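Biologist: Could you take me through one part of this model up close? I would like to look at the place where the two chains meet, and at what lies behind it.

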Amino acid sequence: MKHLVSIRDISREEILELIDLAGKVEKNPEKYAHALDGKIMATLFYEPSTRTRLSFETAMHRLGGRVIGFSDAKVSSAKKGESIADTIRMASAYSDVIVLRHFLEGSGRVAVEYSDVPVISGGTGIQEHPSQALLDVYTIYKHFGRLNNLTIGLLGDLRYGRTIPSLLYAISKFKDNKVFLFSPPELRTRMSVLNDVRDNIEAIIRQDLKSNIEELDVLYVTRVQKERFPDEASYERVKDFYVIDPEIARRMNKNSIIMHPLPRINEISYEVDSLPQAKYFEQAKNGVWMRMALLLKLIGETK
Amino acid sequence: MTDKKGMLVSKIKNGTVIDRIPAGKALKFVELMGLANEKHTLTIGMFVKSHKIGMKDIVKVHDRTLTKKELDALGLFAPGVTVSTIENYQVRSKVNLNVPDIIDEVLKCNNPTCVTNYREPIKTKFKVIQKEPLLVRCQYCDRVMLEENVLSQI
C-alpha cells in the first residue's frame, strides 16, 4: 500500500492490518508519540472540512510530526489557476505525505501520478472518502468484533455522499454481509457502485426504513442535502422521512449501533445522543486512531 | 477482392488498407478519421461483395499509416475491421481490430466534474468493462459510460 485514494485499491488484509494497528495506537498512544518525528504532512483542502482535516492534523501531531497546508482554495494558488498536478509536485517536494481533498472526481488519481510521496484522499468529489470508510469499519469492528455476517442499513443521500462508495467497497471485502440501502429514489446509490459490490454484498434497495429497522446491526445515517434536489418541494417531501428519533432508535436491536459521518443537521435528533446505540461521536474520535494508523503504515519507519 | 476476376479497387503502393468495414459505413468512417480533410489520395469501395460477410466497404489511404489512437477509435466504431499496412505493394502487417481493453485519449468523460475535463496535464483513460453492449469506465473518476455515450463521440 503506497497511497490511499480508493478503498478499491486496498485488500482485506490491509484493512485488517490497519484496524489492528489503530487498536494498538488507541491502547497505547504514548508508544507512538515520536514515531513520525521530523516528518511533515501537507493538507491540501480545496473544499471545507472540519473533522477530516482536524483529525488528520491531530493524528500527525500525536505522532510527533508537523503539518503544513491550506484549508481554503481561495488562499492557495488554485485561485490563480494552478493545476492539481503542479500543486502536488510542489507539495510533494515540501512534505512526506499529502492529504488532498478536492471537489473533482479523479483528483486523487492525478495526485498519485504527480506525487513522489504517499497521497491520501481526504474526500474526492462524490467519488470516495476512503479514510472515513476505514474509521467506520474500525468503529464497527470494535463493537462487533467482526466485519462479516452483519446487516447494515445505509440511510439518506446514497447517491452523492462520498462516504457511501468507500464504505460499500470496504464492506464488500468481507463475507456474508447484507446491506439495506434506504433513500429517496432520486438519491439511490449509483449503479456503477452497486455493480462493483454486487458479487459480494446482498444489497436491498428500500425507500422506507421502518419495515426493516429491527433487523439492523448498524444503521449508518447520512445527511440529505437540500442542494441535491431540483426544487424546494421535492426536498421538503423527503427530508423528515429520514430523521432518526428515539422512537425509531428504541425499535432497534439492543446491541445495534447508529453511526453518522457528521456533520448532522437534523437527521438524528439530539434525544438519540444519550441512547446506547448512538456511536457517532465515538466514531469521530476513532478517526484520529485510524488516521494515525494510516500515517504510520504509509510513512512510518517500523510500519 | 483479389480473386481471379481482377481487382475492383486497385492495389496501392504505400499506405493503409482498411477492409471489412460494415457495408455503407465507409463515408462515415472517412469523416470520423478526418481523412476527408487531408490531402492523401483515397480509394473507396462501397457495397463490395464479400464471401465472409456478404457485403462490405473498403477504404485505401495512400501514403499514410494509422496512429494507435486512430486504431482504438476504429476498433470501437467498427469491431471486426482489418487494417493492413502496405509497403511497396506488399502487406507489411495486418491486424484484426476489436474493441480495445483500454482506450487512451480517444474518449471524453461525460462526467462534468471529472478531473480530465479540467486543465490538467493528463489524457483520458477508459477501461472496457463489457464489449457487447459496450460499457467503459473512466480510470480517473470511475464514471461508467454506455455504448450510446461512446458512439456519439466518435
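This is a predicted model: local features need pLDDT of at least 70, side-chain atom pairs count only at pLDDT 80 or more; totals for chains, interfaces and linings use all residues.

**A salt bridge and its surroundings**

Modeller: Happy to! Two salt bridges are counted between chain A and chain B, along with 13 residue pairs in polar contact, both residues at pLDDT 80 or more. On the chain A side, the elements giving two or more residues to the contact are α3 (84-94), α4 (107-114) and α7 (191-197). Of these, α4(A) supplies the largest share, five residues. By type, the chain A side divides into six nonpolar, six polar and six charged residues.

Now for the contact as a whole: 18 residues come from chain A and 15 residues from chain B. Between them the chains bury about 1,300 Å², with 45% of it on carbon and sulfur atoms. In chain A, L104(A), E105(A) and V110(A) lose the most area to chain B, together 34% of what that side buries.

R137(B) stands opposite V144(B) in β9(B). Strand β8 (residues 134-138) of chain B pairs with β9(B) in the antiparallel sense over three bridges. Both strands belong to an open, antiparallel sheet of four, ordered β6-β7-β8-β9 in chain B. At its edges stand β6 (102-104) and β9 (144-146) of chain B, each with a single partner strand, so one side of each has no neighbour in the sheet. On average, neighbouring strands here are turned by 30° against each other, direction ignored. Finally, helix α2 (residues 68-77) of chain B lies across β6 and β8 of that chain, running at about 130° to β6(B).

Key
Residues are numbered from 1 along each chain as its sequence is written. Chains are lettered from A and ligands numbered from 1 in the order in which they are written. Side-chain values use heavy atoms; hydrogens and water are left out. Contact means heavy atoms within 4.5 Å. Buried area is the accessible area (1.4 Å probe) that two parts lose on being put together, summed over both. A salt bridge is a side-chain nitrogen of Lys or Arg within 4 Å of a carboxyl oxygen of Asp or Glu. A polar contact is a pair of N or O atoms within 3.5 Å; within protein, one must be able to donate a hydrogen and the other to accept it, and residues adjacent in sequence count only if both atoms are side-chain atoms. Ala, Val, Leu, Ile, Met, Phe, Trp, Tyr, Cys and Pro count as nonpolar, Asp, Glu, Lys and Arg as charged, and the others, Gly among them, as polar. Two strands pair if DSSP finds at least two bridges between them. Axes are lines fitted to C-alpha atoms, for helices over the stretch in contact, and angles run from 0 to 180 degrees between N-to-C directions.
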